[in-house]
Amino acid sequence: MRDVTNGLSHPKVIEAHEFMRDGRLSRREFVRIAALLGVAAPLAYRVAGLEPAFAQVANSPFPADDAKAKKGGILRVAMQVQEVIDPATFQWVEMGNQARHTLEYLAMTGPDNITRPMLAESWEASSDLKTWTFRIRKNVMWHNGDMLTAEHVRASFARALDPDIGAGGVVGLSTFAAMLREEGGKRVLIPGALEATDEHTLVMRLQKPVLSVPEDCYNYPTAIVHPSFEPPLASRPIGTGPFTISELEVGDKCVLKRVTRTTDGAPFTYWGGEVYLDEIHYYNYDEDDQLTALASGDVDAVYELSSEQMDLAKALPGRILAAKTAQTLVCRMQISQAPFDNPKVRAAVTLSCDNPTLKKLVYPDGGSVGENHHVAEIHPEYFKLPPLRRDPAGAKALLAEAGYPDGIDLTIHVSETDGLWHRTLCEAMRDQMAPAGIRLKIQMMPGEVFWREWTKLPFAAVAWTHRPLGTMCLSLGYRSGVPWNDTHYASAEFDAALDSAEATLDVVERRAKMEVVERMLQEANLMVQPVFRPVYAMTTENVNGYPAHPTQYHQFNKVWLS
């Protein structure tokens with residue numbers, strides 16, 4: 001059995017192998033778990049009897065070099081260009097993409113959903129999953145010529161967890177939440193929870209078991225910054241990546257250029273092997289205009305195209321890239337604000353809607369129906385609950401019991417972050433709610449305004465990106481007191497049930513525990529969540545090695561132009 005873990009013999013890997021052998025765990029889920037627990041991905045694939053998703057250089061998160069690859073050129077990508085201030089407070093994938101080739105991460109989750117070491121060269125977890133030891137790569141150079149150390153990583157995480165800086169989505173990740181305690185009305189880092197025990201060893205000591213630690217370390221707010229970092233990032237972008245931000249005009253363009261010299265003029269050596277592009281240019285286009293920009297030759301790739309654009313995309317020369325995801329739109333209610341502090345009003349809202357019909361309207365092909373609990377069919381721990389049933393008469397009766405016998409006027413705030421379908425979906429919800437006596441007004445907001453105010457809005461259609469696990473989504477969005485808990489739901493019982501599910505390796509047992517978790521959220525009537533959507537990107541035919549990532553994370557190290 002030691003061969004399974006390549007000498008680590010972690011009991012959870014052995015347990016996972018037994019579950020796979022007994023049919024209680026899929027082979028792909030075994031690979032994911034084994035990689036999280038420190039088994040090299042190629043070995044994990046081999047033990048599972050699967051072919052790796054891509055050829056990989058030993059001890060590298062990146063695909064192997066293409067023998068036909070050519071150096072040089074500028075990759076032009078259509079995407080919203082957003083402000084890049086501080087990675088600890090990043091709220092959206094586009095921000096992360098603009099910084100991703102400058103600032104790097106401890107680990108990297110690939111398009112195959114497998115997490116591999118990045119700035120760490122390896123890691124080990126204790127048998128109880130509470131202590132994680134990361135071996136930091138040697139010979140990783142910062143853009144100013146400094147060499148990366150474990151203390152740099154420790155300081156970067158500690159900074160991201162500083163409540164005076166903002167913490168953002170970092171504290172909602174289970175890994176980092178398990179390093180904090182309440183003190184003086186703030187959640188602060190527990191002494192000793194993060195320790196650099198030597199120049200290249202970082203130890204994380206958690207208050208509870210967490211399996212997803214490496215996955216949490218590739219979430220966009222967890223990018224590693226230099227000890228000298230001061231926002232805004234674009235003004236002095238010192239990173240370890242192969243590119244630097246050389247120009248940023250929010251709402252216009254973001255230009256990344258290859259780093260060949262340190263800030264002191266000495267040669268810069270990138271740790272991650274060959275990188276082929278000279279520059280990456282992001283040009284600001286909303287989703288509905290991105291495909292037009294590709295068709296006209298203004299860009300080489302688009303961040304996203306909608307399902308409505310598929311016929312046009314198929315008529316164009318190029319490559320359409322698809323990824324199955326857990327991306328979703330959560331039309332959530334904030335239970336601390338009237339009238340949503342009344343559970344009967346919330347129940348009336350959810351009861352008035354038919355999720356399958358709404359999903360079919362905006363994504364007739366691909367994706368899956370949401371069930372108002374933010375766990376998707378593609379999540380390994382998903383437990384299928386009985387189908388939700390629309391009941392306008394029942395919803396109307398609930399409103400009367402809540403003190404609204406003549407119906408109720410509600411306003412939902414919407415931004416077309418992912419395209420026009422956000423508005424379309426809310427308009428369909430409006431029509432479905434009308435027979436129940438709910439008069440829904442749709443208030444459109446510019447994206448930059450919406451994302452500045454989203455946690456304060458009583459009723460809002462909030463886009464959430466993909467996470468590999470449903471438990472990660474729930475920890476970020478629904479645990480008591482975490483910054484991204486925009487429903488203000490708080491339940492010690494829910495937190496404990498989610499803790500238990502997160503600590504359970506056996507996926508069959510974990511699904512049983514997730515039944516409880518999902519029911520609690522569904523019965524709290526926090527949201528109408530009709531769809532988990534697929535995502536599509538597209539490139540011109542001369543773009544090679546462009547990854548289709550379910551979270552739409554851009555990692556262009558091995559992209560090249562022919």
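Predicted model: local features only at pLDDT ≥ 70, side-chain atom pairs only at ≥ 80, totals over all residues.
**Stop 1: the H16 and H17 pair.** Select residues 492–502 for H16 and 507–524 for H17. Their axes come within 9 Å and cross at roughly 155°.

Now show side chains. On the H16 side, pick Glu493, Phe494, Ala497, Leu498, Ser500 and Ala501. They meet Arg510, Lys513, Met514, Val516, Val517, Met520 and Leu521 in H17. Colour this contact by class and you get nine nonpolar residues, one polar and three charged.

**Stop 2: the loops on either side.** Step back to His488, in the loop between helix H15 (470–477) and H16. For background, most residues other than glycine have a negative phi.

Then jump to Asn525, which sits in the loop between H17 and strand S19 (527–528). Asn525 isn't a glycine either, and its phi is positive too, at about 55°. Is Asn525 buried or exposed? With 17% relative accessibility, Asn525 counts as buried.

Stop 3: Select H11 (residues 355–362) together with H13 (residues 421–433). These axes come within 10 Å, crossing at roughly 145°. The crossing of H11 past H13 is right-handed. For the contact itself, show Thr357, Leu358, Leu361 and Val362 from H11, plus Trp421, Thr424, Leu425, Ala428, Met429 and Gln432 from H13. By class, that contact holds seven nonpolar and three polar residues, with no charged ones.

Stop 4: Next, highlight residues 343–351, which make up H10. Which residues of H10 are buried? They are Val345, Arg346, Ala347, Ala348, Val349 and Thr350. At the N-terminal end, zoom in on Asn342, which caps the helix. One of its side-chain oxygens lies 2.9 Å from the backbone nitrogen of Lys344.

**Stop 5: two cis peptide bonds.** From H10, move to Pro339, in the loop between strand S14 (319–333) and H10. The bond from Ala338 to Pro339 is cis, with omega near 0°. For another, go to Pro231 and Pro232, which are joined by a cis peptide bond with omega of about 5°. Pro232 belongs to the loop between helix H7 (213–216) and strand S10 (243–249).

**Last stop: Pro550.** Finish in the loop between strands S21 (543–544) and S22 (560–561), where you'll find Pro550. Pro550 counts as buried, at 6% relative accessibility. What does Pro550 touch, not counting residues up to four places away in sequence? The answer is Pro111, Ala323, Lys324, Thr325, Gln327, His466 and Val535. To end, select Tyr218 as well: Tyr218 and Pro550 are 332 residues apart along the chain, and their C-alpha atoms are separated by 13 Å.

Technical notes:
Residues numbered from 1 in each chain as written. Heavy atoms only, no water. Axes fitted to C-alpha atoms, helices over the stretch in contact; angles between N-to-C directions. Helix = DSSP H or I, 4+ residues; strand = E, 2+ residues; numbered from the N terminus. Contact = heavy atoms within 4.5 Å. Nonpolar A, V, L, I, M, F, W, Y, C, P; charged D, E, K, R; others polar. Buried < 20%, exposed > 50% of the residue type's maximum accessible area, 1.4 Å probe, protein only. Polar contact = N/O pair within 3.5 Å; in protein donor to acceptor, adjacent residues only side chain to side chain. Left-handed = near helix turned anticlockwise from the far one by under 90°.
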